[in-house]
Amino acid sequence: GVVHTAAGGDPRTRVEWISRVEITDPTTLFAYSSVDQLQDGRLLVLFESSRTQSWADGLQAMYLQEIPLP
């Protein structure tokens, strides 16, 4: 899974992507559930992932990861 962050401006206009962070291996099943920015500026993502590449196994675990901001 990949998380992209954007910088400033009006969300209805052009977005400037400022970073791209891979939080899982590209072949891993991934679905994000929630993203939040804390008062101290840290960005957290709560996501589901599976250790296998099979949708039959489903998304089996939840992870919380801090995303570094540039």
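The model is predicted, so local features are reported at pLDDT of at least 70 and side-chain atom pairs at pLDDT 80 or more, while totals for chains, interfaces and linings use all residues. Residues are numbered from 1 along each chain as its sequence is written, and side-chain values rest on heavy atoms, with hydrogens and water left out.

Strands β3 and β4 pair in the antiparallel sense over seven bridges, where pairing asks for at least two DSSP bridges between two strands. Strand β4 is mostly covered, with five of its seven residues buried; buried means under 20% relative accessible area, exposed over 50%, and partly exposed in between (1.4 Å probe, protein chains only).

Now for the charges. Side chains of opposite charge can pair when their charged atoms come close. Two salt bridges turn up in a search of the whole structure, each being a side-chain nitrogen of Lys or Arg within 4 Å of a carboxyl oxygen of Asp or Glu. In one of them, D40 meets R42 with the closest N and O atoms 2.9 Å apart. D40 is exposed at 54% relative accessible area, whereas R42 is partly exposed at 36%. R42 also forms a salt bridge with E66, at 3.7 Å from N to O. E66 lies in β5 (residues 61-67) and R42 in the loop between β3 (30-37) and β4 (43-49), so this pair ties together parts that are 24 residues apart in sequence. E66 is partly exposed as well, at 42%. Together, D40, R42 and E66 are linked in a network of salt bridges.

Finally, look for L46 again: with M62 and L64 it makes a nonpolar surface patch of about 290 Å². Patches take residues with over 30% relative accessible area and no salt bridge, joining like charges within 9 Å and nonpolar side chains (Val, Leu, Ile, Met, Phe, Trp, Tyr) within 5 Å. Accessible areas come from the Shrake-Rupley method with a 1.4 Å probe, and for residues only the protein chains shown count as cover. M62 belongs to β5 and is partly exposed, at 46%.

Note on methods
Helices (H or I, at least four residues) and strands (E, at least two) are DSSP runs, numbered from the N terminus.
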